Amino acid sequence: MNDNELKALISLLDDEDREVVEHVEQQIRQMGGQMIPLLESEWEGSFNPELQKRIEEIIHDLQYESVLDRMRDWKNGGAMDLLEGLWIIATYQYPDLSLDKLKQEVEQLFYDVWVDFKADMHPDEQIKAMNSAFFSKLKFAPNTKHFHSPANSMINQVLESRRGNPITLCVLYMLIAKRLNLPVYGVNLPNLFVLTYKNSSGVQFYINVFNRGLVFTTKDIDQYIDQLNIKRLDTFYQPCTNADIVRRVLRNLTLAFEKNGDAERVREVEQILNTVRDDGDGLPLSDYTQR
């Protein structure tokens with residue numbers, strides 16, 4: 001079909017015959033995301049609230065299917081690009097968000113840090129320099145005022161507001177560190193997401209980005225795990241994967257919508273989570289609460 005034929009098809013969503021409307025809606029859904037611009041145009045030109053609502057529902061469903069498809073492709077492709085994974089999550093609420101724009105913003109953060117950075121620094125000095133740049137120069141900080149806001153899981157919102165939860169702040173800190181060739185990785189602790197500095201020379205320590213880059217040791221993790229009265233697992237000490245990080249962001253987003261009483265969004269985000277779930281990914285939701 002050409003554009004005129006597609007527009008004619010969309011206009012039938014306003015038909016008085018319910019069977020015609022259902023058949024047309026099915027056709028539009030089968031055609032997928034290519035229909036969204038034409039649907040938006042029809043919505044703008046309509047003065048029928050019922051038709052507008054029907055179009056809004058179709059657009060949402062098509063955009064949602066696109067998120068599911070992208071996330072499956074990202075996971076099946078090896079989950080190589082962490083920023084892309086966070087971008088896919090953000091497109092759930094911001095479907096027009098540009099991945100290229102996000103990449104440019106993160107690249108600018110890197111340059112802002114790089115001008116004050118020296119590669120031959122000792123690891124401790126490197127992290128001190130990172131902390132100074134991230135928190136003082138770039139003005140990133142924990143969003144303690146609105147800790148359970150879904151915006152904390154949206155990477156574009158964190159970039160704009162400079163406020164986030166532990167995992168989104170860690171992601172941005174880590175993306176900058178990686179561009180500086182620092183061996184910094186994510187670590188999945190229960191109830192808290194942190195980073196580890198781990199180089200090939202055997203130097204390893206941990207960074208709590210939510211606490212302004214506080215550096216701590218393996219013994220500190222031992223004490224933290226013991227206080228929770230749970231078994232010490234290797235995953236609490238070693239780098240996790242990009243897919244692990246995306247799953248945790250999605251769990252946080254689920255819990256944020258639960259706290260808002262938004263059952264429909266909880267259901268939809270859980271479906272997105274299912275597209276990146278591993279067979280052994282069975283830790284309870286409570287182990288990942290908003291950290």
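Which side chain makes a polar contact with the side chain of Asn-188? In this predicted model, the partner is the side chain of Arg-248, at 2.7 Å. Asn-188 itself belongs to strand β3, which spans residues 184-189, and with a relative accessible area of 10% this asparagine is buried.

**Aromatic rings**

- The model contains ten aromatic pairs, and the pair of Tyr-92 and Phe-257 has its ring centres 6.5 Å apart with the planes at 75 degrees, so the arrangement is edge-to-face.
- Tyr-92 and Phe-257 are both buried.
- For Tyr-197 and Phe-205 the ring centres are 4.9 Å apart and the planes stand at 5 degrees, so this pair is stacked.
- Tyr-197 counts as buried because its relative accessibility is 4%, under the limit of 20%, and Phe-205 is likewise buried, with a relative accessible area of 7%.
- A cluster linked by ring pairs is made up of Phe-134, Phe-135, Phe-140 and Tyr-173.
- In a contact between a charge and a ring, Arg-179 lies over the face of Phe-110, at 4.0 Å from the ring centre.

**Backbone angles of two asparagines**

- Most residues other than glycine have a negative phi.
- Asn-191, which is not a glycine, has a positive phi near 70 degrees; this residue lies in the loop between β3 and β4 (192-198).
- At 23% relative accessibility, Asn-191 counts as partly exposed, because the value falls between the limits of 20% and 50%.
- Asn-229 also carries a positive phi, of about 60 degrees, although this residue is not a glycine, and its place is in the loop between α10 (218-228) and α11.
- Asn-229 counts as exposed, since its relative accessibility is 69% and the limit for that class is over 50%.

**A nonpolar patch on the surface**

- Tyr-111, Trp-114 and Val-115 together form a nonpolar patch on the surface, with about 340 Å² of accessible area.
- Val-115, one of the members of this patch, is located in the loop between α6 and α7 (123-137), and with a relative accessible area of 53% this valine is exposed.

**Salt bridges**

- Side chains of opposite charge can pair when their charged atoms come close, and the structure holds 14 salt bridges.
- Glu-25 and Arg-29 are joined by a salt bridge between their side chains, with an N to O distance of 3.0 Å; both residues lie in helix α2 (residues 18-31), four residues apart, which is about one turn of the helix.
- Within this pair, Glu-25 counts as buried at 17% relative accessibility, while Arg-29 counts as partly exposed at 31%.
- Glu-25 and Arg-29 are also linked with Asp-61 in a network of salt bridges.
- The side chains of Asp-69 and Arg-72 meet in a salt bridge with an N to O distance of 2.9 Å, and because they are three residues apart in helix α4 (residues 49-76), about one helical turn separates them.
- Asp-69 is partly exposed, with a relative accessible area of 38%, and Arg-72 counts as partly exposed at 34% relative accessibility.
- In the salt bridge of Lys-101 with Glu-105, the closest N and O atoms are 2.6 Å apart, and both residues lie in helix α6, four residues apart, or about one turn of the helix.
- Lys-101 is partly exposed, with a relative accessible area of 46%, and Glu-105 is partly exposed, with a relative accessible area of 27%.

Technical notes: Residues numbered from 1 in each chain as written. Predicted model: local features only at pLDDT ≥ 70, side-chain atom pairs only at ≥ 80, totals over all residues. Heavy atoms only, no water. Buried < 20%, exposed > 50% of the residue type's maximum accessible area, 1.4 Å probe, protein only. Polar contact = N/O pair within 3.5 Å; in protein donor to acceptor, adjacent residues only side chain to side chain. Phe/Tyr/Trp six-rings, centres within 6.5 Å; stacked < 30°, edge-to-face > 60°. Lys NZ or Arg CZ within 6 Å of the ring centre and 35° of its normal. Patch = residues over 30% accessible without salt bridge, like charges linked within 9 Å, V, L, I, M, F, W, Y side chains within 5 Å. Areas by Shrake-Rupley, 256 points an atom, 1.4 Å probe, with all protein chains shown as cover. Salt bridge = Lys/Arg side-chain N within 4 Å of Asp/Glu carboxyl O.
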